[in-house]
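Q: I would like to go through this structure step by step. Could we start with the terms and then look at strands, helices and a few single residues?
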Amino acid sequence: MHDCPLSRRAALAFTVAGLLFSHAYSFGQSSLDRFAGQYSEASEPEIVYSIFAAGDHLTIETPRTAAMTLTPAGGDAFTAENGKLRYEFVLSGDKATAIHWTHSVRGIPTPSEALRVGDRPEHNHFRPYVRQDVMIPMRDGVKLHAAILRPTDTNEPLPFMMQRTPYGVDGYVPDRMNSQFTELAQSGYIFVMEDIRGRYESQGKFVMMRPIAAHHDPQSHDTKDTDESTDTYDTVAWILKNVPNNNGRVGVAGVSYPGFLAAEAGIDPHPAVKAISPQAPMTDVWIGDDFFHNGAFRQTYGYDYILGMESSKEATFQPLKEDAYDFFLKAGSFAAAGKSGVDDLPTGKAFIEHPSYDDFWQSRAVQPHLDRVTVPTLEVGGWWDQEDMWGPQAEYAALKPHDAKNEVYIALGPWNHGQWTLTTRKLGAVDFGSATGDWFRQHVEAPFFAHYLKDQPGFDAESAISFQTGSNVWKQYPVWPPKQGITARKLFLETDHTLSFDKPASETAFTAYTSDPASPVNYRKRPIEATYAPTGSHWYYWLVENQKPNETRSDVATWKTPILDHDVTITGDILADIVASTSGTDSDWVVKLIDENPDDAGLGDMAGYQLMVVDEIFRGRYRTGYEHPEAIPANKPEEYKFSLHGADHVFKKGHRIEVQVQSSWFPLYDRNPQTFVPDIMKAKPSDYKAAEQHIYAGSHIVLPVAE
């Protein structure tokens with residue numbers, strides 16, 4: 001189950017949903033028959049539209065969208081959404097052969113074409129559900145609003161599938177359940193969709209990533225201390241007692257913030273909770289998820305998200321009216337930018353008052369509480385998740401050593417944030433050759449819950465299920481990262497801008513560049529729209545943007561291998577081990593591992609494309625520990641070791657392996673003034689100074705090479 005509201009996820013609803021509608025109109029049956037049939041999207045062939053001619057009207061549906069209507073607009077054209085969308089049929093003789101239309105993909109106008117693939121349209125298999133709204137009392141008297149939906153075509157006892165969310169549940173109606181949770185809805189569950197404390201129609205006070213309370217005995221109601229774990233416990237206890245025809249089992253799942261809430265359901269859980277799936281969970285928002293990465297503040301994301309989440313009980317995202325690069329550069333520090341309202345909000349104040357990894361952030365981290373396996377767990381993550389890529393890998397790493405019953409799993413695929421909910425084979429310009437999200441839901445997620453909640457056969461996966469990019473095939477491993485057949489090899493950054501597995505003769509030589517906070521490196525192409533801008537935001541795809549334009553910047557250092565004469569496969573965690581100096585007293589270090597395509601015209605737009613495989617930033621002041629920042633000695637080589645995270649990727653023969661290093665990634669990450677100040681959030685304009693950066697020849701990337 002996934003919670004991706006239109007406001008936060010820019011309509012991370014399905015690619016097929018809402019694209020084509022139908023309507024009743026006066027047209028002869030013979031005229032309608034020429035449109036009837038099945039049409040497959042040319043660029044996404046797994047998306048198949050069925051158009052029916054019935055009486056005096058057309059209907060159109062897909063396996064994941066309900067039957068709806070098209071409005072004639074003259075000739076062979078039709079419109080939908082009150083004329084906002086236009087579809088044109090292409091006819092050959094007396095039969096339509098294709099449909100052309102333009103729709104919005106995350107606010108970006110995208111031309112599409114669907115080609116006729118059959119004359120017999122097929123109905124979807126939506127199950128009928130009925131919804132009931134309830135208020136559920138918690139142990140401290142606060143009541144939480146929930147929507148309960150169950151299938152009406154059976155009286156058999158069913159398990160519960162729960163999602164708790166801060167994004168509202170009003171939109172969860174029967175058609176949406178079938179569209180968004182297709183495989184689970186068809187299998188049959190009693191869905192419980194709950195507004196968490198202080199959000200939408202629930203009572204109480206909202207606290208961003210509420211810390212875990214002391215509740216060693218969650219069944220005891222003697223304490224009124226509450227957190228997301230106790231609220232889940234109390235909700236489960238209530239629905240078991242008050243919702244008839246249940247089988248006594250509960251599954252909990254969700255994406256992003258609901259992923260965090262799903263993980264909390266496994267901490268001192270109610271005995272009826274039998275399976276959870278934290279998907280892209282917010283796990284530790286200082287070390288590696290939404291708000292900070294290794295101490296570097298994710299400025300634009302923190303600004304946009306907190307304004308949207310804490311300005312009211314409902315998510316209301318108000319995008320900037322200008323290029324975020326210009327806005328934050330003119331503002332200077334985050335404290336100055338925050339004067340537009342963020343600094344009056346609880347988490348906005350926390351950003352400014354708690355820039356280091358102190359008790360405020362540590363108390364919100366989930367992974368320290370994952371010291372035992374209480375319930376079968378399926379972690380899910382995307383290789384290019386722009387928000388919570390760190391969380392699922394960190395939670396799996398914390399749980400797996402305690403997994404005596406082999407009930408902890410992780411699935412990792414070629415997705416951005418929550419993209420496994422979609423039917424698509426693409427991420428940005430990159431085509432992975434199959435609808436990977438469909439495969440995951442059909443072969444992993446649905447069987448996982450059916451096994452633990454319904455005792456059904458069919459889930460026999462190994463502990464780690466991974467989509468290997470480059471080769472574009474699914475793999476399974478007994479553990480992540482796999483150990484057998486993997487050799488750690490050091491790829492050195494030579495002073496002639498080449499990469500080599502051979503240790504350099506001299507480690508004192510260096511590559512130099514100048515980092516100037518007055519002209520920081522933009523993290524994605526400009527103009528940089530607000531994170532959740534309703535139209536045109538490229539936030540969702542920036543991790544797969546072509547990195548080639550950076551080669552022309554003097555403040556980005558680049559190294560490449562010769563053209564590969566054989567495939568190189570890396571499977572596991574990648575480590576950056578950088579020896580560097582700065583003429584300043586503080587610095588950020590950004591390291592990107594890149595797969596460069598051949599400069600082959602036959603590849604079209606992908607010729608010479610530079611795809612980031614893994615990447616990360618490290619704020620130098622935290623090199624000895626996250627809790628206590630220290631100035632960097634000027635012009636003295638220092639070692640910086642940090643994870644670039646996991647990958648399962650094949651650098652194909654004919655490609656090059658590339659590494660880029662830079663010292664800014666703006667405005668996603670706030671600028672490091674390169675002069676040590678106690679709190680970068682409050683840096684003054686005079687603190688920002690250019691610095692000369694040296695990357696020494698002993699620097700290397702540790703690659704887990706599959707032999």
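A: Let us begin with one term: two strands pair if DSSP finds at least two bridges between them. Please keep in mind that the model is predicted.

Q: How many bridges join strand β27 to β32?
A: Five bridges join β27 (residues 556–560) to β32, and the two strands run antiparallel. One of the bridge partners in β32 is Val659, which stands across from Trp559.

Q: Which sense does the pairing of strand β29 and β32 have?
A: Strand β29 (residues 588–596) pairs with β32 in the antiparallel sense, over seven bridges. Here Asp595 has Ile657 of β32 as its bridge partner.

Q: And is β32 mostly covered or mostly uncovered?
A: Strand β32 (residues 656–662) is mostly covered, as six of its seven residues are buried.

Q: New topic: what is the order of the strands in the open sheet of nine?
A: The order is β4-β3-β2-β1-β9-β8-β7-β6-β5, with antiparallel pairing. At the edges stand β4 (65–68) and β5 (71–72); each has a single partner strand, so one side of each is left without a neighbour in the sheet.

Q: How many bridges join strand β2 to strand β3?
A: Strand β2 (residues 48–54) and strand β3 (residues 57–62) are joined by five bridges and run antiparallel. Ala53 stands opposite Leu58 in β3.

Q: Where do side chains point in a strand?
A: In a regular strand, the side chains alternate between the two faces of the sheet.

Q: Now the open sheet of 10 strands: what is its order?
A: Its order is β10-β11-β13-β12-β14-β15-β18-β19-β22-β23, and the pairing is mixed. The edge strands are β10 (129–137) and β23 (473–477), each of which pairs on one side only. On average, neighbouring strands of this sheet are turned by 20° against each other, direction ignored.

Q: How many bridges are there between β10 and strand β11?
A: β10 and strand β11 (residues 143–151) pair over nine bridges in the antiparallel sense. The bridge partner of Arg131 is Leu149 in β11.

Q: Which strands does helix α5 touch where it packs on the sheet?
A: Helix α5 (residues 228–242) touches β10, β11, β12 (158–165), β13 (190–195), β14 (246–255) and β15 (273–279). The direction of α5 makes about 145° with that of β12.

Q: What about α6, which strands does it touch?
A: α6 packs on the sheet and touches β12, β14 and β15; the direction of α6 makes about 140° with that of β14.

Q: Why is helix α6 described as largely enclosed?
A: Eight of the eight residues of α6 (residues 257–264) are buried, so the helix is largely enclosed by the rest of the structure. Among them are Tyr257, Phe260 and Glu264.

Q: Next, helix α7 and helix α8: at what angle do their axes cross?
A: The axes of α7 (residues 299–310) and α8 (residues 324–331) cross at roughly 95° and come within 11 Å. That makes α7 roughly perpendicular to α8.

Q: Which residues meet there?
A: Gln299, Thr300 and Tyr303 in α7 meet Ala324, Phe327 and Phe328 in α8. The residues of this contact divide into four nonpolar, two polar and no charged.

Q: Where does Thr316 lie?
A: Thr316 lies in the loop between α7 and α8. With a relative accessible area of 33%, Thr316 is partly exposed, because that category lies between the 20% limit for buried and the 50% limit for exposed. Leaving aside neighbours within four places in sequence, Thr316 is in contact with Leu307 and Gly308.

Q: One more: is Ser581 buried or exposed?
A: Ser581 is buried, with a relative accessible area of 3%. Its place is in strand β28 (residues 568–582). A polar contact of 3.3 Å joins the side chains of Ser581 and Tyr696. Not counting residues up to four places away in sequence, Ser581 touches several residues, including Trp589, Asn635 and His694.

Q: And Ser500, what does its side chain reach?
A: The side chain of Ser500 reaches the backbone nitrogen of Asp502 at 3.0 Å. Ser500 is in strand β25 (residues 499–500) and counts as buried at 18% relative accessibility.

How values were computed. Residues are numbered from 1 along each chain as its sequence is written. This is a predicted model: local features need pLDDT of at least 70, side-chain atom pairs count only at pLDDT 80 or more; totals for chains, interfaces and linings use all residues. Side-chain values use heavy atoms; hydrogens and water are left out. Buried means under 20% relative accessible area, exposed over 50%, partly exposed in between (1.4 Å probe, protein chains only). Helices (H or I, at least four residues) and strands (E, at least two) are DSSP runs, numbered from the N terminus. A polar contact is a pair of N or O atoms within 3.5 Å; within protein, one must be able to donate a hydrogen and the other to accept it, and residues adjacent in sequence count only if both atoms are side-chain atoms. Contact means heavy atoms within 4.5 Å. Axes are lines fitted to C-alpha atoms, for helices over the stretch in contact, and angles run from 0 to 180 degrees between N-to-C directions. Angles under 35 degrees count as roughly parallel, over 145 as roughly antiparallel, 65 to 115 as roughly perpendicular and the rest as oblique. Ala, Val, Leu, Ile, Met, Phe, Trp, Tyr, Cys and Pro count as nonpolar, Asp, Glu, Lys and Arg as charged, and the others, Gly among them, as polar.
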